[in-house]
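Please read the points below alongside the sequence and the model. They are arranged so that a reader new to the structure can follow one region at a time.

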Amino acid sequence: MAFAEEIEFGHEDRKRIYEHVERHGAVDPDEVRRRLQIDPGGFRHHVAILKRDGRLDDRDGTLRVTIDAGAEEEYQSDDLEFHIRPARQEDLAGIVGAIRQVAEEKTYIVAESVADEVDHQDALLRYNELEARMFFVATVNDEVVGWVHIHGQELDKLSHTAQLTVGVIEEYREHGIGSHLLSRGLEWSGSNGYEKVYNSVPSTNEEAIDFLETHGWEIEAVRADHYKLNGEYVDEVMMALKL
């Protein structure tokens, strides 16, 4: 798996630059150089090599980690045009808002925890030896209306698995957006060496369970009374798909 492989930088300053950018998402090059106290010539040299090697990219005057995740795709459903693409750092607020809206509607506990996590971190996407975190978004008129999130912990015994969450805000359902997002997330997961993806939802979220089962997911286990929602105990349905 690409994310499990140790990145070779060839120089300590190059590694420090990459790790700073990876940790902070989208950063001003001059600020990075000042914070790391690297001379301008050396900094430009190391950034050029990181860009050449496909580790970093610059967009709108900021440096960010490069994750090869494919191009933007355009779809048409009835009178609705939507796009699905790899997420960018600028999508963070839109993603958090979409997740919180879906979580509130359908008691999507795992997704809500994802929103809490990314909302308190600088970087939306992660690419290091400890974890991989990738988002794809669905947009309508450049507004985020859905997401798929793949999160892999790079522990040897679990590195073949990843947690996947997917959702679309209610206003834009019934257009196939969720299916396209799920397909994009599964494609990326498989191409990056994951052998299995998993997700958990409360048993009351029948719509999510039906959606995943329709797309080939299976129920692996049920934890009785695992959640307490509005004063009522609710089972957790643990689902998975082998790639």
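1. Leaving aside neighbours within four places in sequence, Val197 is in contact (heavy atoms within 4.5 Å) with Ala162, Leu164, Leu186, Ser189, Trp217, Met239, Ala240, Leu241 and Leu243. Val197 lies in strand S10, residues 196-202, where strands (E, at least two residues) and helices (H or I, at least four) are DSSP runs numbered from the N terminus. Val197 counts as buried because its relative accessibility is 0%, buried being under 20% relative accessible area with a 1.4 Å probe and protein chains only. The C-alpha atoms of Val197 and Glu170, which are 27 residues apart along the chain, are separated by 24 Å.

2. A word on the basis of these values: this is a predicted model, in which local features need pLDDT of at least 70 and side-chain atom pairs count only at pLDDT 80 or more, while totals for chains, interfaces and linings use all residues. Residues are numbered from 1 along each chain as its sequence is written, and side-chain values use heavy atoms, with hydrogens and water left out.

3. The axes of helix H1 (residues 12-24) and helix H3 (residues 40-52) come within 10 Å and cross at roughly 70 degrees, the axes being lines fitted to C-alpha atoms over the stretch in contact, with angles from 0 to 180 degrees between N-to-C directions. H1 is therefore roughly perpendicular to H3, a term that covers 65 to 115 degrees. The contact is made by Asp13, Arg14, Ile17 and Tyr18 of H1 and by Phe43, His45, His46, Val47, Ile49 and Leu50 of H3.

4. The axes of H1 and helix H2 (residues 29-36) come within 11 Å and cross at roughly 125 degrees.

5. How many aromatic pairs does a search of the whole structure find? It finds three aromatic pairs, a pair being rings of Phe, Tyr or Trp (its six-membered ring) with centres within 6.5 Å.

Definitions and conventions:
Phe/Tyr/Trp six-rings, centres within 6.5 Å; stacked < 30°, edge-to-face > 60°. Parallel < 35°, antiparallel > 145°, perpendicular 65-115°, else oblique. Buried < 20%, exposed > 50% of the residue type's maximum accessible area, 1.4 Å probe, protein only.
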